[in-house]
Amino acid sequence: MEEKRKERKIKRIAVSSKRQMSIPKEFFEALDIEEEIMIENVDNKKLVITPYREPLEDVSEEILEQLIAEGFQGEQLIEEFKYRKSSMHVTPNDKKTESEEEGPLMPELFPEET
């Protein structure tokens with residue numbers, strides 16, 4: 001079985017005397033960085049930079065209520081909850097308000113009853 005390696009791009013960049021650096025344009029665009037980033041110090045050995053995303057409103061209770069109403073129980077409830085919660089990741093380009101769409105946000109998470 002052949003294991004795929006993750007694609008890695010590495011660039012060397014300068015840090016100014018004021019501790020400032022510039023993110024290379026191709027990295028900036030590929031990560032869809034807007035106005036802010038998160039920077040993490042990992043084991044005092046490397047910095048990890050990720051785009052900052054506004055946290056989504058926690059709708060865990062609503063998801064669980066819907067799943068229970070749909071009859072999920074036990075392990076199936078847990079697995080379906082994980083699936084639906086993980087499906088909620090939204091990037092800034094995906095964000096739309098309800099007024100911009102015809103229905104509620106992410107309707108696939110809360111299917112209408114037929």
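A pocket, as the word is used here, is an open set of grid points where a 1.4 Å probe fits, with protein on both sides within 12 Å along at least five of seven lines. The model on display is predicted, and its largest pocket has a volume of about 840 Å³.

**Whole chain.** Three helices and two strands make up its secondary structure, in the order α-β-β-α-α along the sequence. A surface display shows about 10,800 Å² of accessible area, 49% of which belongs to carbon and sulfur atoms. Of the 114 residues in the chain, 13% are buried. Among contacts with a separation of 6 or more, 26% join residues 24 or more positions apart.

**The largest pocket.** Next, select Lys9, Phe27, Leu31, Leu47 and Ile49, which are the closest to the centre of the largest pocket among the 22 residues that line it. Then colour helix H1 (25-30) and strand S2 (46-51), the elements that each give two or more residues to this lining. S2 supplies the largest share, with six residues. By residue class, the lining comprises 13 nonpolar, two polar and seven charged residues.

**The loop between the strands.** Move to the loop between strand S1 (37-42) and S2, where Asp43 is found. Asn44 lies in this loop as well. Most residues other than glycine have a negative phi. Asp43, however, has a positive phi, near 55°, and Asn44 likewise has a positive value, of about 55°. Are these residues buried or exposed? The cut-off for exposed is over 50% relative accessible area. Asp43, at 64%, therefore counts as exposed, and Asn44, with 70%, is exposed too.

**Helix H2.** Now select residues 60-69, which form H2, and show the side chains of its buried residues Ser60, Ile63, Gln66 and Leu67. In general, an α-helix has 3.6 residues a turn, so residues three or four places apart point the same way. Against which helix do the buried residues of H2 pack? Their partner is helix H3 (74-86).

**After H2.** Finish at Gly71, which follows H2 and has a positive phi, near 95°.

Technical notes. Residues are numbered from 1 along each chain as its sequence is written. This is a predicted model: local features need pLDDT of at least 70, side-chain atom pairs count only at pLDDT 80 or more; totals for chains, interfaces and linings use all residues. Side-chain values use heavy atoms; hydrogens and water are left out. Helices (H or I, at least four residues) and strands (E, at least two) are DSSP runs, numbered from the N terminus. Buried means under 20% relative accessible area, exposed over 50%, partly exposed in between (1.4 Å probe, protein chains only). Contact means heavy atoms within 4.5 Å. Accessible areas come from the Shrake-Rupley method with a 1.4 Å probe; for residues, only the protein chains shown count as cover. On a 1 Å grid over the protein atoms alone, a cavity is a set of points where a 1.4 Å probe fits but cannot get out, and a pocket is an open set with protein on both sides within 12 Å along at least five of seven lines; lining residues have an atom within 4 Å of a point. Grid points are joined across faces, edges and corners, and a volume is the space filled by probe spheres set on the points. Ala, Val, Leu, Ile, Met, Phe, Trp, Tyr, Cys and Pro count as nonpolar, Asp, Glu, Lys and Arg as charged, and the others, Gly among them, as polar.
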